[in-house]
Every structure is written in C-alpha cells, then in structure tokens.
Amino acid sequence: MRETPEELNELQALLDASLSRSTNHLRSIITERTLTAEQLTQILTGMCTLALSTVTAKGEPRISGVDGHFLHGKWYFGTARSAAKARHLAARPAASVAHMRDEDLGVFTHGTVETLNPEDGEPAADWPDLLAYFTDFYGDDAFDWDNDVVFYRLRPHWMTVYAPDIAKLTAE
C-alpha cells in the first residue's frame, strides 16, 4: 500500500460520493458488496489488467486493454505514443476504466486523464518517482521511456467497487 492517510481519506470520500450519486439499481447491487478505500488499496497491487474506454473524433466508443497500476488512490497506465488510444486521449481526455476479476471483483472508474510524460512539455512533478516505480516493475530497458511510451494518471470523478466476498480476495 503506497497511499498516505490523506490519499486514503480522499479515495474513501470518492467511493462514498460515487455510490450515493449512483442509480437505485446500482446501489442495490453494490451497497452491501463493496470495499473500503483501505481494503481496495490492499487488493489492487502490482499490475491489474484494465479495459480502457476512449472516444474517437466521431464520438464512437473504443475499448482496449492496458496495464493498470493503482497507486496513491488513482489508476496509472501507459501505451505506445503511436497508439490510437493515445491520439484519442490527447484530443479527448475523458476516459473510463474497468478492472474485473471473474465475479469476485469489479472496479469501475470514470475520470479525466493527465499525461505524465508529454513528448513536448514538462513532465508531471511526480513523474520521476512514478518512472522509478515503472522501471522497477518493467525493467530499465523495457522501453525507450522518453520516446516510445506515454503514461497517464486517471483523475477519477466517479468510482465504485463490487466485491461480494472480501475473504476470497484476500486469501493467499
């Protein structure tokens, strides 16, 4: 768990507010089957496969997979700078991601992406720390980190979690 107490409080407030703004149907499914921010950060460790949804210039939805990392209460992911999803996100930074593990866990997030290492601009202030995490995870020579890949932080404005059995998720 890499989250500070403040980040955990922010994540819990987001989870609570998102659930309260959800439809009656969604609340009827999730309210008794969700996790706290602390539980979620203990479960979402390492790389988590995400389904990433973007939108084309014509307003058509597109979905693809990315390696997701849940750090500091937010999703981080990367892709090739030449990927269609990178073009979509550059023009329209609204995105949604879903991480699902069978019927045991569903984490659904809507938000806006921030480019962490823009090709022609200043990187995010925390990019050096994030780059250290990513190079430790993938290896120093996995990519040309400056030219080949672009990384994003999804700043969520809505997030819900479905987890009917936390014991099953935490069993080793």
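A pocket here is an open set of points on a 1 Å grid over the protein atoms alone, where a 1.4 Å probe fits, with protein on both sides within 12 Å along at least five of seven lines; lining residues have an atom within 4 Å of a point. You're looking at a predicted model, where local features need pLDDT of at least 70 and side-chain atom pairs count only at pLDDT 80 or more, while totals for chains, interfaces and linings use all residues. Residues are numbered from 1 along each chain as its sequence is written, and side-chain values use heavy atoms, with hydrogens and water left out.

Start with the barrel. Select the strands (DSSP E runs of at least two residues, numbered from the N terminus): 6 of them close up antiparallel in the order β1-β2-β3-β6-β5-β4, where pairing takes at least two DSSP bridges. On average, neighbours are turned by 40° against each other, direction ignored.

Next, zoom in on β4 (94-101) and β5 (105-115), an antiparallel pair with 8 bridges. Find Val-97 there; Thr-109 in β5 stands opposite.

Now show helix α4 (84-91), which packs on the sheet and touches β1, β2, β3, β4, β5 and β6; contact means heavy atoms within 4.5 Å. Then go to α5, which also packs on the sheet, touching β1, β2, β3 and β6.

Last stop: the largest pocket, about 210 Å³, a volume being the space filled by probe spheres set on the points. Select its lining, including Arg-2, Glu-7, His-72 and Tyr-133. Helix α5 gives the largest share, 3 residues.

Key: Helix = DSSP H or I, 4+ residues; strand = E, 2+ residues; numbered from the N terminus. Axes fitted to C-alpha atoms, helices over the stretch in contact; angles between N-to-C directions.
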